[in-house]
Amino acid sequence: MNIIVGITGGIAAYKAPELVRLLVKDGHDVRCAATEHALQFTTRPTLETVSGHRLYCDLFSSGSTEHISLKDWADLLVVAPATANIIGKVASGIADDALSTLLLAMPPERTIMAPAMNSQMWAHPAVQRNIATLLGWGIRTVGPADGPLACGTSGTGRMSEPEEIARQVRCVATEQVRCVATLLQHTQQPQPAPTTHAPLAGQQWLVTAGPTYERIDSVRFIGNYSSGKMGFALAEALADAGAEVELVTGPTALKTGHPHVHRTDVESAREMYSAATQLFPACTGAILSAAVADYRPSECADHKLKKHGSEGMTLTLVQNPDILATLGTMKRDGQRLVGFALETDNELANAESKLQRKNLDYIVMNSLRDAGAGFGTDTNKVTILGRDGSRNESPLLSKQEVARMIVETVTQ
Ligand code: CTP
């Protein structure tokens, strides 16, 4: 791919040449665009040497339309680090230097940002509002990560490591290959017969399903027992009702042959986050049934870890992004958002609190105390709680029947 790495004025700019080096190593043609402040932390000769191209920094150095020719050349713009300032500028439509002008010219779905700032700045409502705006337009984000910050404190705000950003770029490259494959498949397949009863015709729904795997090393991961059956049944029930369904699934052996279910396979919570935030803006609604790991190992070894004598081993875990809560902040008027709550005690109170906290329209509550409900089974028993105070309880049914009941309730 042709990639522009945009660099803004945060201390993490010193890691930008390493990111450029990794992307070049992956076979991409990389150019750099930097703000003047970024050059306080890294240098023009370094960026020009690692990329092999002239640095784009001055809006008028080669005429006044270079941002447009660069936009036409690039498949992807990766801003790393992205300061609170550049995030705010893009969210407000400000273009007052070379990089911000390029960012406004670039289609949002071809832009990735790796925020980096102090944790209190990151938590500020203005920054969170701006990030939600960017995500709503289809811009993707990587990080920020947790850990020690340049100001001497510790918290969420560190730029994700260059390896992690390069990995996200690889995901985008893979998605593009998949998109082309899907397009080819669609043009080659006969069109399905029109559905006779299609109350959701013209609607597009997003469903997440299955577990996530969080890598420890090249052969091990942290996972859970989710089979994906409930999510696949939901995707098919929505498609049977006439919707086009984007199914984002974690690792599972399940298959779906439904012509209106378009599947994206992911492995980790962060890959699921990236796919779901990308797809949600174009959807009528989303049902998030995946069992997403709340935590991942802070580091993933690229080789098999060896054991050392009889010593124990400690894994440090860091929190994953909450996909459902993020979609709750992105939700526009008219969009429906449905979450799941798998509870063991105080079931209704916990589910009710998740419904409010994550800005949902409905929450589907599973109690692990009910026999035949939960992970791996072919049956389920749920209570669907609505934001309007409605409460709909199912008996023990097959997951397909429960899916139909959920779809009927949340799409009415
Ligand atoms: N979920 C998500 N992203 C996460 C964690 C959960 O999208 N990182 C979604 C699940 O798909 C589900 C809902 O959030 O729809 C509830 O998941 P659950 O694990 O029950 O709730 P948590 O918010 O993680 O709360 P807790 O673990 O404290 O019960």
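1. Ile-86, Lys-89 and Val-90 of α4 meet Ser-100, Leu-103 and Leu-104 of α5 (contact: heavy atoms within 4.5 Å). By class, this contact has four nonpolar, one polar and one charged residues. Ala, Val, Leu, Ile, Met, Phe, Trp, Tyr, Cys and Pro count as nonpolar, Asp, Glu, Lys and Arg as charged, and the others, Gly among them, as polar.

2. This is a predicted model: local features need pLDDT of at least 70, side-chain atom pairs count only at pLDDT 80 or more, and totals for chains, interfaces and linings use all residues. Numbering runs from 1 along each chain as its sequence is written, and side-chain values use heavy atoms, without hydrogens or water.

3. Helix α4 spans residues 84-92 and helix α5 residues 98-105 (helices: DSSP runs of H or I, at least four residues, numbered from the N terminus). Their axes lie 10 Å apart, at an angle of about 45 degrees. Axes are lines fitted to C-alpha atoms over the stretch in contact, and angles run from 0 to 180 degrees between N-to-C directions.

4. α4 and α5 are therefore oblique to each other (under 35 degrees is roughly parallel, over 145 roughly antiparallel, 65 to 115 roughly perpendicular, the rest oblique). Their crossing is right-handed (the near helix is turned clockwise from the far one by less than a right angle).

5. Now the second pair. Helix α10 (residues 269-279) and helix α11 (residues 323-330) cross at roughly 20 degrees, with axes within 10 Å. α10 and α11 are therefore roughly parallel. This crossing, too, is right-handed.

6. Ala-269, Met-272, Tyr-273, Ala-276 and Thr-277 in α10 meet Ile-323, Thr-326, Leu-327 and Met-330 in α11. The residues divide into seven nonpolar, two polar and no charged.

How values were computed:
Helices (H or I, at least four residues) and strands (E, at least two) are DSSP runs, numbered from the N terminus.
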